[in-house]
Amino acid sequence: MKFRCRMVDAGAMRDFTSIINTISRMAKYCVLRLTPDELCFNVGDERIPVLWAVLSQQHFFAEYVMSGVSDQENEIYLEFDPSMFARSLNSLRITTSARSAKIKLTNKRQPCLTFDIDLSSMSVDSRQCVHDVPVKLIPRREWSEHKMPDITEFDISLEIPQLKYLRHIVDRMKNMSSQLTVSANKCGMLVIKIEVDYATVSTHFKGLQVWECGEGKETEDISAMISIKKLAMFLGWDILHPDNVKCNLLQEKMVKLTLDVGDHVKIHYFIPAIAT
């Protein structure tokens with residue numbers, strides 16, 4: 001197995017760092033699935049999938065070389081602490097003068113992802129920042145535990161408003177309740193609502209595009225009660241300025257949010273419903 005890549009584009013380095021920083025705030029462990037075409041970051045909560053971030057290697061890397069466990073199964077699965085990954089990229093976040101960032105799978109008494117960041121400029125001597133992040137190589141027999149959940153059909157799928165507007169509303173609701181109900185219908189209405197002893201507060205968004213409505217659900221409101229904290233965590237992805245965000249609802253079972261940035265980043269975020 002081998003893996004190495006190099007970033008040279010300032011925008012790609014900035015976006016990659018933003019993605020890793022956001023992931024690092026979500027969980028204490030992360031699994032990275034490497035393929036010839038993509039990097040897939042899988043964040044779990046007690047091994048239950050919460051987030052899949054799929055990045056096109058072609059967009060982010062000027063050089064990308066990987067060879068998996070075999071020709072038939074050309075993949076690598078690595079588990080690591082995302083906060084250590086994020087700290088290794090700190091120099092990219094605090095400077096705009098980095099020339100390149102290299103990432104390589106190495107063996108330094110144990111498997112590591114080694115980060116080599118070139119901070120040299122025309123006016124100063126060459127400066128290199130090198131960090132080693134310990135990783136665990138996940139054996140093939142455990143790969144199936146780290147696949148994205150296959151949910152073939154939701155009761156309704158529709159667009160959601162700009163994340164910065166939702167974030168403002170949800171931040172206020174978060175001070176009043178720990179739970180929030182998301183409802184949607186075929187007419188393109190999305191409602192987010194909290195109910196507390198002294199008040200019911202709701203915000204309605206109308207005229208949203210509906211992509212899918214399950215058979216027999218055309219006249220129903222589809223809803224799920226979820227954690228406000230988990231929804232607020234997803235809204236932090238507005239830092240990527242997404243082109244498209246979709247809400248997928250499975251009645252009283254799940255909210256899945258998907259976010260696209262061009263054709264090079266796709267975020268899948270799973271929020272299980274709270275039993276009522």
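# Close-up views of the predicted model

**View A. The lining of the largest cavity.** Ile-160, Leu-166, Val-182, Leu-190, Ile-192, Leu-231, Cys-247, Val-255 and Leu-257 line the largest cavity, where a cavity is a set of points, on a 1 Å grid over the protein atoms alone, at which a 1.4 Å probe fits but cannot get out, and a lining residue has an atom within 4 Å of a point. The model is predicted, with local features needing pLDDT of at least 70 and side-chain atom pairs counting only at pLDDT 80 or more, while totals for chains, interfaces and linings use all residues. Residues are numbered from 1 along each chain as its sequence is written, and side-chain values use heavy atoms, with hydrogens and water left out. Rolling a probe the size of a water molecule over the atoms shows where empty space is left. The structure holds two cavities of 30 Å³ or more, and the largest has a volume of about 80 Å³, a volume being the space filled by probe spheres set on grid points that are joined across faces, edges and corners. Strand 13 (190–196) and strand 18 (254–261) are the elements that give two or more residues to this lining; helices (H or I, at least four residues) and strands (E, at least two) are DSSP runs numbered from the N terminus. By class, the lining of the largest cavity consists of nine nonpolar residues, with no polar and no charged ones (Ala, Val, Leu, Ile, Met, Phe, Trp, Tyr, Cys and Pro count as nonpolar, Asp, Glu, Lys and Arg as charged, and the others, Gly among them, as polar).

View B. With a relative accessibility of 64%, His-241 counts as exposed (exposed means over 50% relative accessible area, buried under 20%, and partly exposed in between, with a 1.4 Å probe and protein chains only).

**View C. Thr-258 in strand 18.** Thr-258 is found in strand 18 and is buried, with a relative accessible area of 7%. Leaving aside neighbours within four places in sequence, Thr-258 is in contact (heavy atoms within 4.5 Å) with Asn-244, Val-245, Lys-246, Asn-248, Ile-267 and His-268. Lys-246, one of these contacts, lies over the face of Trp-211, at 4.7 Å from the ring centre; a charge sits over a ring if NZ of Lys or CZ of Arg is within 6 Å of the ring centre and within 35 degrees of the ring normal.

**View D. Two aromatic pairs.** A search of the whole structure finds twelve aromatic pairs, in which rings of Phe, Tyr and Trp (its six-membered ring) have centres within 6.5 Å, with planes under 30 degrees apart counted as stacked, over 60 as edge-to-face and the rest as tilted. The ring centres of Phe-41 and Phe-85 are 6.0 Å apart and their planes stand at 80°, so this pair is edge-to-face. Phe-41 belongs to strand 3 (residues 38–45) and Phe-85 to helix 3 (residues 82–88), and the pair links these distant parts of the chain, 44 residues apart. Both Phe-41 and Phe-85 are buried. Phe-234 and Tyr-269 form a tilted pair, with 5.4 Å from centre to centre and 35° between the planes. Because Phe-234 lies in helix 6 (residues 228–235) and Tyr-269 in strand 19 (residues 265–272), this pair ties together parts that are 35 residues apart in sequence.

View E. Leu-105 is found in strand 7 (residues 100–107) and, at 17% relative accessibility, counts as buried. Not counting residues up to four places away in sequence, Leu-105 touches Phe-3, Leu-78, Cys-112, Leu-113 and Val-135. Arg-109 is found in the loop between strand 7 and strand 8 (111–118) and counts as exposed at 89% relative accessibility. The phi of Arg-109 is positive, about 70°, although this residue is not a glycine.

How values were computed. On a 1 Å grid over the protein atoms alone, a cavity is a set of points where a 1.4 Å probe fits but cannot get out, and a pocket is an open set with protein on both sides within 12 Å along at least five of seven lines; lining residues have an atom within 4 Å of a point.
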